[in-house]
Amino acid sequence: MDIIHLLPDSVANQIAAGEVIQRPASCLKELVENSLDAGATRVQVIVRDAGRTLLQVIDDGMGMSEMDARLAFERHATSKIREAQDLFSLRTMGFRGEALASICAVAQVEMTTRRKEDETGTLLEIHGSDVVRQEPCSCPIGTNIKVSNLFFNVPVRRKFLKTDQTELRNLLNEFYHIVLVYPKVSFTFVHNDEILLELPAGTEKQRIEAVFGNPKKNVYTSAFVDIKTDTELVSIHGFVVKPENATRKAEQYFFVNGRYMRHPYFTKAVLTAYSGMLGNDYQPSFFIYFDIAPEAIDVNIHPTKTEIKFADEQTIFQILMASVREALGKFSLAPTIDFDTQGSIEIPVPQTNRSVNRPQMSVDPNYNPFHTRGAIYPDRAPKNWESLYEGLSGPRDLEISTPREPDIPDAESCAMWQYGGKYIFVPTEGGLMLINQHRAHAAVLRAQFLEQLGTNQGAMQQLLFPEILELPQDEMVLMTQLLPDLRAIGFDLEQLTPNSFSIQGIPAQLANQSVLPTLHTILSQVRERGANTQVEWREQIAQGLAESAAIPYGQTLTETEMRDIVRRLLQLPSYRRSSEGKIIVSLLSDEEIGKRFM
Ligand code: ADP
Ligand code: MG
């Protein structure tokens, strides 16, 4: 008897849907991208219960014919490419023809759509891939798609949705990624009848202001300077925050050829340009747009991936860094930037393409971002702005007077004592340093784990009695992805059954009893934070291990232990706050202490 048969379409679609539509945010992305591909000038998004109950997208785009409306929900039905060649000259966000088929497989979809040339529109209702209604209707030009009860027939997925708050944040993030590259299209975003965003058509800068600024004040983007560079390889433009306006939580966005992308290596280029200009726990916000020949990048073939590979990342790193530095050097009132040192800054090598030659780059040194300012906010740009900067022969001329901060103590010799089983107090020149012992140790360990991950030099401690780690199917997949790094850091892991691993050894710093919860925490953090790249999941691994290995509150420390923690803490490039923004070190200046006696 033959046993192979073809799956019915509805089942095939449901399986594929898992890949394209993972959460309400991915559904929203697909719908809004379709509206933009259809040439919409106005897009309304209406959401209920963070997308669980309703996700509706209304556009004024080109609409669909009766026939196309029906075809649109078939797998691999697309109007955007006809043959493989077309893939190389894509002008649209979508092209795979899978999104609508996937969405209707896992939700109840109602759509009305009408083209300009048609008298009547089409109404179509599909529940879990079954067409339950199709009829002519009267409706405005454009398309209106309502997706209700997402994952109603995939209880596992529904169960894995996070709290409404988290899913709403995901929705908004996905929305930002799109609206920031389509400033000429107007958007609204309504959640549970509340208008969260109202974005009129405008320039990129106005769009950024509308999304992140305080709508009443219009000041957000004045905290930024423009960057702009044109080279043969790449054109870069955008906005980077002035150092004095950096914040603890930054908005950092890269876009390439009209799409959002993540690029940790280029992020590093921007951070390098700011080096020495930001306080310890401050981050620069930036919105940077790249234009590059399509053949120089690996197109974002997978719909859910936001990473993009460039052919020549090291050169772009340099161009980007130079461009940011130049903008900051010219226009910020921040401490001096010494351009002579530029050549000596070490450019880290990206993970891929280690052997690329660096062609000459040509950065336009005469570019003056302020020349474009008037055009952006004609009514607000001061006419004689140049005079504002006259007499400033250099940033060194500016004395910024802030109250004196206590010095960094010398950890080898200074006095220190533990307080309340929780803090380490260190008197220093100019004040008192208060250190949170658990956070300090966690930060130190995190850095150590990250380094060991990079150098493959984790120290292992054999377990007398192996532990068994049991995992649900989706975490097994994650686990396989993390396995090489977990081994590098000191875990001795073997797969036991299709859904379990045995653990025979653990990182030396870790206490035996906390192994299983620690691994579960790491896996769920990796999933929750969408850590898709090695850089990101290594951070989660290092963070998770550090959290559980760090000395707890209440533990008494010997002087040697305290000194060891303080010494290693103060060596970290950023020791005042944890990577998650928690305060590790609080400084009490002499002045502040003095004030208590006045
Ligand atoms: P893709 O976008 O990859 O082509 P989709 O499944 O997202 O695949 O959409 C299938 C087709 O349905 C599109 O190619 C387009 O022709 C049509 N379509 C989808 N959404 C809209 C819309 N909002 N307005 C007009 N046409 C649309
Ligand atoms: Mg699409």
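Start at Thr497. Thr497 sits opposite Ser500, and Ser500 belongs to β21. Keep in mind that this is a predicted model. The two strands here are β20 and β21, the latter covering residues 500-507. They pair in the antiparallel sense, over five bridges.

Now widen the view to the whole sheet. It is an open sheet of three strands, ordered β19-β21-β20. The pairing is antiparallel. Which strands are at the edges? Those are β19, residues 460-470, and β20, residues 492-497. Each of these edge strands pairs on one side only. From one strand to the next, the twist averages 20°.

Next, a helix pair. Helix α14 runs over residues 515-528, and helix α15 over residues 534-549. Their axes come within 9 Å. The crossing angle is roughly 145°. As for handedness, α14 and α15 cross in the right-handed sense.

Who touches whom? From α14 we have Thr518, Ile522, Gln525 and Val526. From α15 they meet Trp537, Gln540, Ile541, Gly544, Leu545 and Ser548. How many nonpolar, polar and charged residues does the contact of α14 with α15 have? Five are nonpolar, five are polar, and none is charged.

On to helix α8, residues 264-273. This helix is mostly covered, with seven of its 10 residues buried. Here are the names. Tyr265, Phe266 and Thr267 are buried in α8.

Now two backbone points to check on your screen. Take Asn149. Its phi is positive, about 50°, although Asn149 is not a glycine. Where is Asn149 found? Look in the loop between β6, residues 142-148, and α5, residues 155-160. Is Asn149 buried or partly exposed? Its relative accessibility is 28%, so Asn149 counts as partly exposed.

Asp193 lies in the loop between β7, residues 186-191, and β8, residues 194-199. Is Asp193 buried or exposed? Asp193 is exposed, because its relative accessible area is 62% and the cut-off for exposed is over 50%.

Tyr419 is part of strand β16, residues 417-419. In sequence, Tyr419 and Thr556 are 137 residues apart. In space, C-alpha to C-alpha, Tyr419 and Thr556 are 9.4 Å apart. And the cover on Tyr419? Tyr419 has a relative accessible area of 47%, so this residue is partly exposed.

Last, the whole chain. How many helices and strands does the secondary structure of the protein chain come to? It comes to 17 helices and 22 strands. The protein chain has 598 residues, and 47% of them count as buried. Then contacts. Finally, surface. The accessible surface of the protein chain is about 30600 Å². Carbon and sulfur atoms hold 52% of that surface.

Note on methods: Residues are numbered from 1 along each chain as its sequence is written. Chains are lettered from A and ligands numbered from 1 in the order in which they are written. This is a predicted model: local features need pLDDT of at least 70, side-chain atom pairs count only at pLDDT 80 or more; totals for chains, interfaces and linings use all residues. Side-chain values use heavy atoms; hydrogens and water are left out. Two strands pair if DSSP finds at least two bridges between them. Helices (H or I, at least four residues) and strands (E, at least two) are DSSP runs, numbered from the N terminus. Axes are lines fitted to C-alpha atoms, for helices over the stretch in contact, and angles run from 0 to 180 degrees between N-to-C directions. Buried means under 20% relative accessible area, exposed over 50%, partly exposed in between (1.4 Å probe, protein chains only). A crossing is left-handed if the near helix is turned anticlockwise from the far one by less than a right angle, and right-handed if clockwise. Contact means heavy atoms within 4.5 Å. Ala, Val, Leu, Ile, Met, Phe, Trp, Tyr, Cys and Pro count as nonpolar, Asp, Glu, Lys and Arg as charged, and the others, Gly among them, as polar. Accessible areas come from the Shrake-Rupley method with a 1.4 Å probe; for residues, only the protein chains shown count as cover.
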